[in-house]
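User: I would like to learn how to read the features of a structural model, one at a time. Please give the general idea where there is one, and then the case at hand.

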Amino acid sequence: MEDLNNRIKNVIIESLELEDITPADIVDSAPIFGKNEKGEGLGLDSIDALELGIAIKDKFGVSFSSEKEETKKHFASVDALAAYISEHSKG
Amino acid sequence: MNSLAGKVLFTAISVLYPLIIYCGLEFFGLSPRRLSLLLLSLAFFHFLNFTRNKSSLDRWRMIVLVMLVLVCAVVAFAADNILFVKFYPVLVNLSLLAFFAFTLWRPPNFAFRMALLGDKALKDSPSKNAVENYCRKVTIVWCFFFVFNSVVATFTVFMGSDKIWSLYNGLISYIFVGLIFAVEYLVRKKVQRKMQSYVPVCDLEQSSRPEGALVSFEADGVDNKTWRDFVSDVSKVRYHLEARENTPWILHCEDSYFFTVALLAMLQSGRKALVTANRQDAFIKEIRKPEYGFLTDEPFAGGAATMIQDVLAENVAGGPVKFDKFDKSKAEMVMYTSGTTGEPKAVYKLFMQFENELFELVKVFGNDWVNRKVFSTVNHHHIYGLLFTALLPIATGLPFRRHRIDFPTEFANLLGTSAVVASSPAFLKRLAAETNQPIGFECAPIIYSSGGPLPVEVAQKASELTGFWPMEIYGSTETGGIAYRQSKNGAVWTPFEVCKMSVAENGCLNIKSSYILEEDGFTTGDLVDLYDDGRFLLKGRSDSIVKIEEKRISLPEVENRLKQTGLVRDVRVVPMVGKRQYLAAAIVLNDAGLEKFAGSPKLAINNYFHDYLLQFIENTVSPKKWRYLEELPQNTEGKIRMRDVQALFNLAESSNFKILKFRREPGVWTGKILFPSTSDYYDGHFPEFKLLPAVVQVDMVLRIARNFLDVPKALSKIHRTKFAGPILPDVPVILNVKYDAESAKVSFTYTHVPAAENDVPKILSNGSLTMNSEESLG
């Protein structure tokens, strides 16, 4: 799980060409888009969301449903994304 | 012949002429000479008719007709010959043929003249052109009939049989006429079903549509809204508004249905509507005066707000339904765009402007929309979304979806729906990137794209995927829609008919139209090539407003916001294009900033400014990359050039080095660089005494040369390199890089930063490299 989280973080950094951020800077449970009340989170925007969706699909071979709410849930945090990927890439 | 009776008599004689002649010959044994008197009287009637006719074209036709009828009558009388008596129907046919054909040549055509007489509203309807086209075809059919009928009538004259002549001209040809009328009526009904119905928004009334007509729908079909719901909801909001003092209302609703209900209520109640996509607390605070209302559909923390859901849930006691016409030239609105001055720019609108534009849109595109549903991937708080996804559906009666399509994959849910999709280049780019298979629509959607130019390759891919080549709309908040194009037909824009184009002094496009209030028209910031026929090519923007993924943002605005932090001495924000479009900010901190951020990691500083900006601007247009410099790059004239700043961002900054300041002149780059002690560059070399290895020094030179000086990629040779002193961690050095394109030679010098102005800088190392210029060509 730990390893998968790191891979996801690297995909996030690479696919969005993020500067000044290392995997260690990304909190596993913090939101990927926007921020939580503690001010944690990457604060990415909706354009990044689409870009990232494609990158995750390419790297991990999982696709996301066309239901917006559900997809939003999976992209809530690195942890949530890892859970979704490990669940869907096996089958 | 002034009386109605006279006209009836004339028409009766004219129509029954073949029968009267037949009876005269057959039953009363009258001679052709006597019968020619009837013809003579008809000539007289025609003459009387023509003297009262004012149109000059008809005068000539009538004169010719009268002359010919007269000649026939005279010859028939003189020669006592029945043939000339029988010519009358032929002459009438030819005369009608001449008239109908003439109206084709000099529009409006005859059928359309009749249609205009029948329906006064047609003249001001967006369907006018379509109707006129149809009537043209009808007129052509009549022309063919008159040719045919003249030929047959002539034939019956010469056949010699009185019976056949009178049977054909007195009955059969009339049956043909009746048949054409009947068939045309049926065809017309069918064509009308294919024409888009349209009621101006300001003229909508409760009775404008059937109660059960679908107005708005939700993906799951649960929260569908009918015309009855719509009327009653608008009425409820109106009661709420009108129970309060007449003040302007700020409006922001994510749900398109709520938005449309609220907007129409404000317009009908005569409340000025301030429509804003940005609902950040700080922004609302800026545009709001204390007495202003704020109507929204999502909880708002930054002050008092009225939830539209609460208003709709209120139980209005009794009272008639409030839903009626309003004066479009008095209803006021304000839209927001980013202005050049740095403050968000409010654009004042009279509803008349939108109404006039709707009319144009229906005229040009309306007939493509019949029986479709409207979907959107764009925000209805901006003009394009407002027009296409809120006002147009209401004016045309097409149902619209309450929520935006956010992901291209959602198209999979629309396969069986005939859709109109108001979209944008940003969305279509994602669609093209994410989708490999044609989507399989049963009926290809009609896709509009606006907000920025749509690359041809994206348009082509979208057309392969959806079956429709997106129709681009060019316009702005200030001007409304200006022109349209489908890029498969070239990059040229076709203006809407009401838009009159010209080129302003600064080379930018100027537009005058019925939906621009300024008498001198509006001059855009877009450079233009204008053709004689009004079509034009765009040549790029000339001012400092840029578009980031279709969102318009003024660079000075972002810069001013950053300066507002009180931590920034100087700043330059530039637009960048990589995988996506984004903004990047080069910042020079002032003393307060330096103190505040002393020892902070760069990420923390980035986050500070990013979070600050999010109070005012959307995330998408907030800078994504940051550089903190000692000073902004200037050329010799002291000007900061955008492309120099952009070049800085093209060189990815890592934790291994920092460019603190630089200058770029043709072929020369001079900059101050710092290699922090945490840099990987020192690893493995002299752990006790860190100094920058030679290979790293050369590598840095190559990076700088390639990024700033357009040097070929490949290195062919490293020449003499002298190392005179160490480059130490955390001690800035000056790097000077020169490139001579002719010899393909790069030379460099690292020196100490001089302590005082006139110190002779101490050289740390220097050398030269030869680049492989052949390679760059290949």
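This is a predicted model: local features need pLDDT of at least 70, side-chain atom pairs count only at pLDDT 80 or more; totals for chains, interfaces and linings use all residues.

**Reading a two-chain model**

Analyst: Chain B contains 22 helices and 30 strands.

User: What share of chain B counts as buried, and what share of its contacts with a separation of 6 or more joins residues 24 or more positions apart?

Analyst: Of the 778 residues of chain B, 38% count as buried. Among contacts in chain B with a separation of 6 or more, 63% are between residues 24 or more positions apart.

User: Where is B:Lys194 placed, and is B:Lys194 buried or exposed?

Analyst: B:Lys194 lies in the loop between helix H8 (162-193) and strand E1 (214-217) of chain B. B:Lys194 counts as exposed because it has 10 C-beta neighbours inside 10 Å, and the cut-off for exposed is 12 or fewer. Leaving aside residues up to four places away in sequence, B:Lys194 touches B:Asn367 and B:Val370. The C-alpha atoms of B:Lys194 and B:Val370 are 6.3 Å apart, although 176 residues separate the two in sequence.

User: How is a sheet read, and what is the strand order of the open sheet of 6 strands in chain B?

Analyst: Strands of a sheet pair through backbone hydrogen bonds, in either a parallel or an antiparallel sense. The open sheet of 6 strands in chain B has the order E25-E26-E28-E29-E30-E27, with antiparallel pairing. E25 and strand E27 (715-723) of chain B each have a single partner strand, so one side of each has no neighbour in the sheet. Neighbouring strands of this sheet are turned by 15 degrees against each other on average, direction ignored.

Within the sheet, strands E28 (residues 733-740) and E29 (residues 745-752) of chain B run antiparallel and are joined by 8 bridges. B:Tyr739 stands opposite B:Val746 in E29(B). Helix H21 (residues 694-708) of chain B lies across E25, E26, E27, E28, E29 and E30 of chain B, at about 55 degrees to E28(B).

User: Which strands form the open sheet with mixed pairing, and in what order?

Analyst: The order is E22-E23-E24 in chain B. E22 and E24 of chain B are the edge strands; each has a single partner strand, so one side of each is left without a neighbour in the sheet. E23(B) and E24(B) pair in the parallel sense over 5 bridges, and B:Ala584 has B:Lys625 in E24(B) as its bridge partner. Helix H17 (residues 555-564) of chain B lies across E22 and E23 of chain B and runs at about 145 degrees to E22(B).

User: Which residues of helix H20 of chain B are buried, and against which strands do they pack?

Analyst: The buried residues of helix H20 (residues 642-650) of chain B are B:Asp644, B:Val645, B:Leu648 and B:Phe649. They are on the same side of H20(B) because they cover an arc of only 145 degrees around the axis. These buried residues pack against strands E22 (568-577), E23 (581-589), E24 (625-629) and E25 (658-665) of chain B.

User: How many residues lie between the strands of the hairpin formed by E16(B) and E17(B)?

Analyst: The hairpin has 4 residues between its strands, and B:Gly507 in the turn has a positive phi of about 85 degrees. Strands E16 (residues 500-503) and E17 (residues 508-512) of chain B run antiparallel and are joined by 4 bridges. B:Lys500 has B:Lys512 in E17(B) as its bridge partner.

Key. Residues are numbered from 1 along each chain as its sequence is written. Chains are lettered from A and ligands numbered from 1 in the order in which they are written. A residue is buried if 20 or more other C-beta atoms lie within 10 Å of its own, exposed if 12 or fewer, and partly exposed in between; C-beta atoms are placed from the backbone. Helices (H or I, at least four residues) and strands (E, at least two) are DSSP runs, numbered from the N terminus. The arc is that of the directions from the helix axis to the C-beta atoms. Two residues are in contact if their C-beta atoms, placed from the backbone, lie within 7 Å. Two strands pair if DSSP finds at least two bridges between them. Axes are lines fitted to C-alpha atoms, for helices over the stretch in contact, and angles run from 0 to 180 degrees between N-to-C directions.
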